[in-house]
Amino acid sequence: MSHASTQIVPDASKVMMGATLAWVAVLIYASSNSLVSLLADIGSQNRVMGRNVITYCNLLFVGSLMSMVPMVIMFWRDWTWDNLRALTRKHWAILTLSAFFSSALTPGLFFYALEHTTVTNVVLMGRIEPPLFVLATWLFLREEFEPWAFVAGLVALCGAAVMILMNNAGTMLDLGKGEIGALLATLSYIASTLIARTGLRGIPMGIFAIYRTAVGTTFYFFVALYLFGPNHFMDVLHPVVWKWVWIYAVIVVIGGQFAWALGLKYARSGDVSLATSFSPLAAILIAMVMLGEDPGPGLIPGGAIILLAVGIGQYGRMRRRHREDSAMRKQAQERALEHEGEVNFKGA
């Protein structure tokens with residue numbers, strides 16, 4: 001009996017830790033778009049020879065490089081010969097794909113979207129993510145389908161749609177370059193999340209984090225050179241860039257990625273989906289405070305619907321926890337009856 005409890009409690013505590021870290025990461029990422037836009041505005045006000053040196057590409061590239069230092073300090077012990085030798089070709093393929101999607105393609109598309117539309121529109125276009133994430137983990141990872149989390153994601157998507165329609169006077173949203181970029185970034189984000197959940201099951205955290213960041217940054221560097229030309233990173237070593245980029249590196253790249261990676265490793269898909277359902281409302285409120293953006297008349301009704309989605313997801317989570325606790329108590333009772341029967345049989 002005591003042995004069974006020692007196996008259950010650590011698992012439950014890790015799930016709770018994963019859910020908490022998923023919420024922390026979501027709040028960090030909710031502020032990231034506003035933080036990036038704010039830093040780009042600071043660069044435009046402190047031009048060097050007429051150029052804004054704090055570009056979106058420089059933020060991502062330098063921020064990723066700076067994050068490598070604490071990663072190496074924290075995780076160098078994971079880079080042992082035994083750990084590396086234990087990795088298969090499939091593991092290295094997962095690592096490389098994760099690096100491309102999470103550290104190159106996804107942030108690149110998000111930064112492209114921010115250059116061509118508002119933070120609010122980028123946030124709202126990403127509301128397809130929660131329900132798609134639940135479906136994707138069920139279809140591709142064979143995880144348990146959580147209907148309450150799926151419904152919560154759909155309700156949150158409806159809240160985003162209400163905001164969009166009311167802010168556009170009842171007309172459909174004009175899908176410009178920024179909005180399309182945000183949609184593609186969301187799909188890339190879902191793919192990177194699925195790959196991360198698969199990879200973290202058999203790869204040490206240190207190898208996963210360092211390899212993904214280093215290879216992803218390399219991918220991004222060469223893709224940017226190909227798309228924008230060889231002079232695109234000419235200001236990357238300017239002191240103004242390094243004076244401000246550390247804020248992005250510490251808060252978003254280091255804090256956000258570590259919290260998100262640990263959250264993905266231990267949290268259930270429903271917990272992750274519930275946390276991300278609150279993301280649009282948090283991001284819009286943060287954009288109001290940091291950037292002074294006007295969310296329009298759709299904020300209150302759309303925000304209320306998103307809060308309803310969070311409540312639905314939380315209700316489903318409580319039902320699941322009650323069901324699991326009941327199942328555990330039933331198993332314990334059955335084991336106790338079996339043990340009692342064995343004792344009576346031996347006594348007879």
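**Helix packing around α4**

Helix α2 crosses α4, and the crossing is right-handed.

Ground rules, quickly. This is a predicted model, where local features need pLDDT of at least 70, side-chain atom pairs count only at pLDDT 80 or more, and totals for chains, interfaces and linings use all residues. Numbering starts from 1 along each chain as its sequence is written, and side-chain values use heavy atoms, with hydrogens and water left out.

Now the overall picture. The chain has 12 helices and 0 strands. Both are DSSP runs, numbered from the N terminus: helices are H or I with at least four residues, strands are E with at least two. The C-alpha trace spans about 95 × 55 × 30 Å along its principal axes. Of the 348 residues, 47% are buried. Buried is under 20% relative accessible area, exposed is over 50%, and partly exposed is in between, with a 1.4 Å probe and protein chains only. Take the contacts with a separation of 6 or more: 87% of them join residues 24 or more positions apart. A contact is heavy atoms within 4.5 Å.

Back to α2 and α4. Helix α2 covers residues 56-75, and it packs on α4 at about 150°, axes 10 Å apart. The axes are lines fitted to C-alpha atoms, for helices over the stretch in contact, and angles run from 0 to 180 degrees between N-to-C directions. That angle makes α2 roughly antiparallel to α4. The classes: under 35 degrees is roughly parallel, over 145 roughly antiparallel, 65 to 115 roughly perpendicular, and the rest oblique. From α2, the contact uses Y56, L59 and L60; from α4, it uses S103, P107, G108, F111, L114 and E115. By type, that contact has 6 nonpolar, 2 polar and 1 charged. Nonpolar covers Ala, Val, Leu, Ile, Met, Phe, Trp, Tyr, Cys and Pro; charged covers Asp, Glu, Lys and Arg; the others, Gly among them, are polar.

What about α9? Helix α9, residues 205-228, packs on α4 at about 55°, with axes 7 Å apart. The two helices are therefore oblique. This crossing is right-handed. On the α4 side, the contact includes W92, L95 and F100; on the α9 side, it includes F208, Y211 and R212.

Next, the cores. A nonpolar core is a set of buried Ala, Val, Leu, Ile, Met, Phe, Trp, Tyr and Cys residues, joined through side-chain atoms within 4.5 Å. Which members of the largest core touch the most others? L59, F111 and Y248, out of 46 residues. Helix α10, residues 239-266, gives the largest share, 7 residues. A second, separate core has 18 residues, including Y189, A259, W260 and V272. As for L59, beyond four places in sequence it touches V36, L39, I54, F111, V245 and Y248.

A113 sits in α4, residues 89-116. Buried or exposed? A113 is buried, at a relative accessible area of 0%. Leaving out residues up to four places away, A113 touches V122, G178, G181 and A182.

S192 lies in helix α8, residues 177-199. S192 is buried too, at 6%. Under that sequence exclusion of up to four places, S192 touches F101, S102 and T106.

Definitions and conventions. Left-handed = near helix turned anticlockwise from the far one by under 90°.
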